[in-house]
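Here is a briefing on one protein model. Sequence and structure come first, then the reading.

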Amino acid sequence: VERRVDPADGNVYTWEELACHYSPDFSLQEIRDYWDRCKVASRAGPERRIDPIDGMAYSWRDMEAFYYNNDFTLSAIVA
């Protein structure tokens, strides 16, 4: 099953998941057009998790770089 990355939230969706996610706000045609613009998710890409502070998806490397550069210690990031 093909999965694509939603640039709005960084999450990876199947067509059905994306359509369900956006159906309250957009027409099916608008969602199809959006799907066509989303990049196909790499199967070999790093795992991404949602940061509860900003709701964005980050890989461990992205999260570590962001918070370490903003005066957090590595032990605080891991906790």
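Which exposed residues does the face of α2 turned away from its buried side carry? That face carries Asp36 and Arg37. Exposed means over 50% relative accessible area, buried under 20%, and partly exposed in between (1.4 Å probe, protein chains only).

This is a predicted model: local features need pLDDT of at least 70, side-chain atom pairs count only at pLDDT 80 or more, and totals for chains, interfaces and linings use all residues. Residues are numbered from 1 along each chain as its sequence is written, and side-chain values use heavy atoms, with hydrogens and water left out.

**Overall make-up**

- The protein has 4 helices and 5 strands. Helices (H or I, at least four residues) and strands (E, at least two) are DSSP runs, numbered from the N terminus.
- The order of elements from the N terminus is β-β-α-α-β-β-β-α-α.
- Of the 79 residues, 27% count as buried.
- The accessible surface is about 6,100 Å², and carbon and sulfur atoms hold 55% of that surface. Areas come from the Shrake-Rupley method with a 1.4 Å probe; for residues, only the protein chains shown count as cover.
- Among contacts with a separation of 6 or more, 33% link residues 24 or more positions apart. Contact means heavy atoms within 4.5 Å.

**Sheet**

- Three strands form an open sheet of 3 strands in the order β2-β1-β3, with antiparallel pairing. Two strands pair if DSSP finds at least two bridges between them.
- β2 (12-13) and β3 (39-40) are the edges; each has a single partner strand, so one side of each lacks a neighbour in the sheet.
- Strand β1 (residues 4-5) is joined to β2 by 2 bridges, and the two run antiparallel.
- Arg4 has Tyr13 of β2 as its bridge partner.

**Core**

- The largest nonpolar core has 8 residues: Tyr13, Leu18, Ala19, Tyr22, Ile31, Tyr34, Trp35 and Cys38. Both α1 (15-22) and α2 (28-37) supply at least two residues of this core. A nonpolar core is a set of buried Ala, Val, Leu, Ile, Met, Phe, Trp, Tyr and Cys residues joined through side-chain atoms within 4.5 Å.
- Beyond its neighbours within four places in sequence, Tyr34 contacts Asp6, Pro7, Ala8, Leu18 and Tyr22.

- In α1, the buried residues are Leu18, Ala19 and Tyr22. They lie on the same side of α1, because they cover an arc of only 100° around the axis. The arc is that of the directions from the helix axis to the C-beta atoms.
- These buried α1 residues pack against β2 and α2. Glu16 and Cys20 are exposed on the face of α1 turned away from its buried side.
- In α2, the buried residues are Ile31, Tyr34 and Trp35. Their arc around the axis is only 105°, so they sit on the same side of α2.
- These buried α2 residues pack against β1, β2 and α1.

**Two buried polar residues**

- Asp9 sits in the loop between β1 and β2. Asp9 is buried, at 13% relative accessible area.
- The side chain of Asp9 makes a polar contact with the side chain of Tyr13 (2.7 Å). A polar contact is a pair of N or O atoms within 3.5 Å; within protein, one must be able to donate a hydrogen and the other to accept it, and residues adjacent in sequence count only if both atoms are side-chain atoms.
- Not counting residues up to four places away in sequence, Asp9 touches His21, Met56 and Ala57.
- Ser59 lies in strand β5 (residues 57-59). Ser59 is buried, at 7% relative accessible area.
- The Ser59 side chain reaches the backbone nitrogen of Asp62 at 3.1 Å.
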